[in-house]
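Colleague: I would like to learn how to read a structure, one feature at a time. Where do we begin?

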Amino acid sequence: MNPISKADAREILKKNLPNLPEREDHEAAILRRLFPLLQGKSKIITYSPDLLYEVDVLPVIESCPLPRPTGFIEARHSAKWYFPRMEEGKKLRFLRPHSFVKNDLGLFEPIGDEEISVEEAELILVPSLGFNEKGYRLGRGGGYYDRILNSETLQKKTVGLSFSKLFPVPFLAETHDLKIGKMITEIQIHSFLD
């Protein structure tokens, strides 16, 4: 398969992700595969998904202040969950929310006082459009996660979620792109940094 540019890959994924057949069933299967990785973890960084393009992780979060269907997954995890807030200079802060507010991109961002660094987190769930065969993440192009998760030690704590029908995405990774530790589809868990 010939590699494509990241811009072309984003366009293809944004066209196909909203129309995946059986998407809700696949998301439930992905979360069932994720749940064992959460065990024993007490501080987890996650994200507020763009439900058109990203796997919805909110159903496994016990204390999530965002409304989600309760019957979607059998279990919820009671860790302290932290969500990203975009700051000036394309920086991220991770806060434990007591509520959320929608940002200019239409994504929910946390309002809260308790903050965690990526170094303190035991697991980091990263949002994505897709991944290539080597585990490099294709995000929206802002570089927020590429900048903050810039060492292999941090990358080993990362988990990405995607759909088997859209993996791998044959894009050419650049030197600054984030390589994740694990990627979960509804079919299997892929490990890239073990």
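Predicted model: local features only at pLDDT ≥ 70, side-chain atom pairs only at ≥ 80, totals over all residues.

Colleague: Where is Glu54 found?

Modeller: Glu54 sits in the loop between strand 1 (43-45) and strand 2 (80-87). The unreviewed UniProt entry places the feature "binding site" at Glu54.

Colleague: Which residues does Glu54 touch?

Modeller: For contacts, skip residues up to four places away in sequence. Glu54 then touches Arg23, Glu27, Tyr47, Ser48, Pro49, Pro127, Ser128 and Arg140.

Colleague: Now a helix residue. Does His26 count as buried or exposed?

Modeller: His26 has 15% relative accessibility, so His26 counts as buried. His26 lies in helix 2 (residues 23-38). Leaving out residues up to four places away in sequence, His26 touches Pro21, Phe163 and Glu186.

Colleague: On to strands. Which way do the residues of strand 10 point?

Modeller: In strand 10 (residues 158-161), Thr158 and Gly160 point one way. Val159 and Leu161 point the other way. All four are buried.

Colleague: How many bridges join strand 7 to strand 10?

Modeller: Three, and strand 7 (residues 123-126) runs parallel to strand 10. Val126 stands opposite Gly160 there.

Colleague: In what sense do strand 10 and strand 11 pair?

Modeller: Strand 10 and strand 11 (residues 182-184) pair in the parallel sense, over three bridges. Here Gly160 stands opposite Met183.

Note on methods:
Residues numbered from 1 in each chain as written. Heavy atoms only, no water. Buried < 20%, exposed > 50% of the residue type's maximum accessible area, 1.4 Å probe, protein only. Helix = DSSP H or I, 4+ residues; strand = E, 2+ residues; numbered from the N terminus. Pairing = 2+ DSSP bridges. UniProt positions renumbered as here; feature names shortened; annotations may be inferred. Contact = heavy atoms within 4.5 Å.
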